[in-house]
Amino acid sequence: MFPQLPADFASVVETTFKNAVASGDLIFSESERSVLKYDGYTMEVRMAPALGQKPKSAPKPDGEGAKKFNPFFPPDPKLVLGGLGDKHTLVLNKFAIVPHHFLCVTKAEESQEAPITIEDLRATWAALQEPIGTSDRTLAFFNKGKNSGASQAHKHIQFLPLDKGTELFPDKVVARTPYEAPSERDPVGQRPLKHSAIPFEHFILPLPTDPSDEELMMRFWALYHRTLQALKQNDNWEKSFNWAMTKEWVIMVPRRADEFEGISVNGTGVVGLLLAKSAAQLAQITELTAGRVLTEVGFPVGPNTEAHYDY
Ligand code: B4P
């Protein structure tokens with residue numbers, strides 16, 4: 001059912017990464033991690049000053065000139081890690097701040113705005129299965145829409161090997177309310193969970209260890225319905241959101257802005273892994289608080305309308 005990762009995937013990633021950095025085909029920027037502690041949760045900021053020099057890359061997915069250059073059609077052979085099933089190719093991120101950051105791009109020329117398919121979800125699940133390098137698990141993330149932090153218009157899901165010991169706020173939620181087999185009360189795990197101390201709107205569902213197509217798709221759709229509802233309640237019709245996933249959970253966060261006071265946020269940010277492109281920006285996030293930044297680019301936690309979702 002799930003597509004097969006290329007044989008010996010973890011070592012293919014390590015070798016291709018090493019060679020691409022050495023040849024200059026991959027630009028790796030050093031970064032420094034800071035942990036911000038809040039009441040009930042922690043967040044992290046990676047400060048990568050070299051990224052501040054990087055020109056603002058491609059136009060927005062639906063922006064003028066979005067057709068210009070597509071780095072994923074075809075991807076640079078020096079960065080390719082192999083195929084994943086019939087529909088996807090795995091490729092290293094050309095501008096990484098975390099070693100072995102890779103992407104899963106569609107083989108066909110498909111838009112980042114196109115709906116997520118079961119093939120995309122199967123590929124995502126398959127790519128989460130093998131730990132890479134010294135990491136013990138991987139975070140998948142997806143930026144959808146012009147307010148989500150996305151800059152490339154070709155459909156791509158990103159994969160970030162997490163440093164050992166990284167705890168993300170959805171981990172806490174799922175530790176308290178682990179996956180439950182479907183029941184009459186909740187046939188497809190459709191009632192999303194929230195972290196009580198997180199100030200911005202978010203929807204989380206725990207995942208089973210060996211999900212079926214239906215379990216993956218229904219969870220994705222359950223979160224998507226809440227996300228659309230939140231956007232509608234806030235009179236926002238852009239349909240921008242971030243979706244992120246580990247082997248344990250899936251989360252969706254509706255978005256209203258790409259950045260706040262110059263601080264850009266993508267799918268890593270909404271799970272608590274923020275990016276600062278200068279020491280000044282790190283100080284700014286510390287002063288504003290991560291929760292404030294994330295509420296400004298997302299929405300404040302909304303009213304509970306769960307009754308609407310009983311099928
Ligand atoms: P998008 O979905 O379009 O946007 P993004 O991840 O927010 O990256 P962006 O390009 O806006 O860069 P930013 O300075 O914010 O993703 C496009 C992806 O394709 C990116 O990963 C990009 O690097 C990659 N890409 C572009 N051209 C490519 C090519 N020719 N071949 C292969 N890949 C190509 O952020 C810079 C980088 O830091 C991004 O990779 C971003 O994902 C990552 N990042 C941001 N926050 C992070 C965090 N907290 N921890 C670790 N990494 C983080």
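1. K194 is partly exposed, at 32% relative accessibility, whereas E201 is buried, at 4%. Buried denotes a relative accessible area under 20%, exposed one over 50%, and partly exposed the range in between, with a 1.4 Å probe and protein chains only. The side chains of K194 and E201 form a salt bridge with an N to O distance of 2.7 Å. A salt bridge is here a side-chain nitrogen of Lys or Arg within 4 Å of a carboxyl oxygen of Asp or Glu.

2. The model is predicted, local features need pLDDT of at least 70, side-chain atom pairs count only at pLDDT 80 or more, and totals for chains, interfaces and linings use all residues. Residues are numbered from 1 along each chain as its sequence is written, and side-chain values use heavy atoms, with hydrogens and water left out.

3. By the rule above, there are 13 salt bridges. One of them joins E110 to K155, with the closest N and O atoms 2.8 Å apart. E110 belongs to the loop between β7 (102–106) and α2 (118–127) and K155 to the loop between β8 and β9, so this pair ties together parts 45 residues apart in sequence. Helices (H or I, at least four residues) and strands (E, at least two) are DSSP runs, numbered from the N terminus. E110 is partly exposed, at 27%, while K155 is buried, at 1%.

4. E248 and R137 also form a salt bridge, their closest N and O atoms being 3.3 Å apart. Because E248 lies in the loop between β11 (240–245) and β12 (249–255) and R137 in strand β8, the pair ties together parts that are 111 residues apart in sequence. E248 is partly exposed, at 32% relative accessible area; R137 counts as buried, at 16%.

5. A network of salt bridges links R33, E44, R46 and D163.

6. Which residues are closest to the ligand? They are N93, N143, S151, Q152 and Q158, within a surrounding set of 30 residues, each having a heavy atom within 4 Å of the ligand. By class, this shell has 15 nonpolar, 11 polar and four charged residues.

7. Individual contacts may also be examined. An N or O atom in the side chain of N143 is 2.7 Å from an oxygen atom of the ligand. A nitrogen atom of the ligand lies 3.2 Å from a polar side-chain atom of T268.

How values were computed. A polar contact is a pair of N or O atoms within 3.5 Å; within protein, one must be able to donate a hydrogen and the other to accept it, and residues adjacent in sequence count only if both atoms are side-chain atoms. Ala, Val, Leu, Ile, Met, Phe, Trp, Tyr, Cys and Pro count as nonpolar, Asp, Glu, Lys and Arg as charged, and the others, Gly among them, as polar.
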